[in-house]
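Open the structure in your viewer and keep the selection panel to hand.

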Amino acid sequence: MIRALLVALTAITLAGVPLVRGSAAAAQTPAVWNGDIITRDADWYASAEAGRIADSVVRHQSPEGGWPKNTSLIVPPEAAPVSENAKNTFDNQATTLPMAFLARVIEAHQRPGDRAAFDRGLDYILEAQSASGGWPQFYPLREGYYSHITFNDDAMVRILTLLRAVADGSGPYGFVDAERRARAGAAVTRGLEVILATQVRRDGVLTVWCAQHDEQTLQPAWARAYEPPSLSGNESVGITRFLMSLPDPSPEVVAAIEGALRWFEASAIHGVRLDRFTAADGSADIRLLEDAAGPTLWARFYELETDRPIFLGRDSVVRYSLADIEQERRNGYGYYGTWPERLLRQDAPAWRGRLDRP
């Protein structure tokens, strides 16, 4: 029972998803390809169902070693072909989630095909790391923002979390050979260095990170038309939480965390709430209303120089009000959220307590 709980907790860390139900309950339901696939009871990974899914996952692996995004890997590729645009990526849990799943199946009962696929995936991740220490959204590299260091949607944090577990041999990763474990550890060290190097300083004061940074200059960079160089109220949370997970943080890491926490506190937005309503034409819309009792919010994008929340539609024009961008983007993208709430109220006090800090 204790072992099953530890496996489930490790899975939650790697998947970046909250514990919403017990592993025993998960094992009684048909498997679905999402983060829950690595939170099931440990015995389930030795089942025939898990073996069939593993066979499909292996068939989805590309010749380069990566996996596609936005794809149910439970369905074999010959039954549901995958678009070329979706392959070989770290976006939306691609590559890291199938590897975490395969590791659990391998731990339950070693199957040569699963082990070979995992090893190829690990080699693929290590090869994809840029000279500066970050990871792109796609590998082999594609033109445009896809080659930037990608913190967006926690892509790089998921990679580093997986590699750190591999390097430590923790959870289900004890089977990884010593040479690959050493390479994974070196990659984590380089990844940590680029995290510290990309944290935005303003007049010498540490703030947070952009969702993507240029892989050569390390400066905040554009992604899609409505994702500008900016300070991220979302992705910076995952980066900070990863830094907090390090067992023996250096003074530089501690300073990076404390700088980010101060910025989150200072950039919080009070006295408003998001309101979803039906517009005059009958379509769904969203607006920001004054509300003294509203939840604490943060913007997705903050202006680099001023910390002012900014909003961009598909025309890439910076605006300072959600109401000023087109309805399609207002409703199709998360410009406000409560992302740092648990980090500030729960994770930060616990982290400081572990360091025996005031």
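Start with the second largest pocket and select α7, which gives four residues, the largest share of the lining. Helices here are DSSP runs of H or I with at least four residues, numbered from the N terminus. The model is predicted, with local features needing pLDDT of at least 70 and side-chain atom pairs pLDDT 80 or more, while totals for chains, interfaces and linings use all residues. Residues are numbered from 1 along each chain as its sequence is written, and side-chain values use heavy atoms, without hydrogens and water.

Next select R164, V188, L192, L246 and P247, which lie nearest the centre of this pocket among its 13 lining residues. Two elements, α6 (155–168) and α7 (178–198), each give two or more residues to the lining. By class, the lining has seven nonpolar, three polar and three charged residues. The space inside is about 210 Å³. A pocket is an open set of points on a 1 Å grid over the protein atoms alone, where a 1.4 Å probe fits, with protein on both sides within 12 Å along at least five of seven lines; lining residues have an atom within 4 Å of a point.

Now select α8 (residues 235–244) and α11 (residues 341–354), whose axes come within 11 Å and cross at roughly 20°. The two helices are therefore roughly parallel (angles under 35 degrees). Show side chains for V237, T240, R241 and M244 of α8, which meet R342, L343, D347, A348, W351 and R354 of α11 (heavy atoms within 4.5 Å). This contact comprises five nonpolar, one polar and four charged residues.

Notes
Grid points are joined across faces, edges and corners, and a volume is the space filled by probe spheres set on the points. Ala, Val, Leu, Ile, Met, Phe, Trp, Tyr, Cys and Pro count as nonpolar, Asp, Glu, Lys and Arg as charged, and the others, Gly among them, as polar. Axes are lines fitted to C-alpha atoms, for helices over the stretch in contact, and angles run from 0 to 180 degrees between N-to-C directions. Angles under 35 degrees count as roughly parallel, over 145 as roughly antiparallel, 65 to 115 as roughly perpendicular and the rest as oblique.
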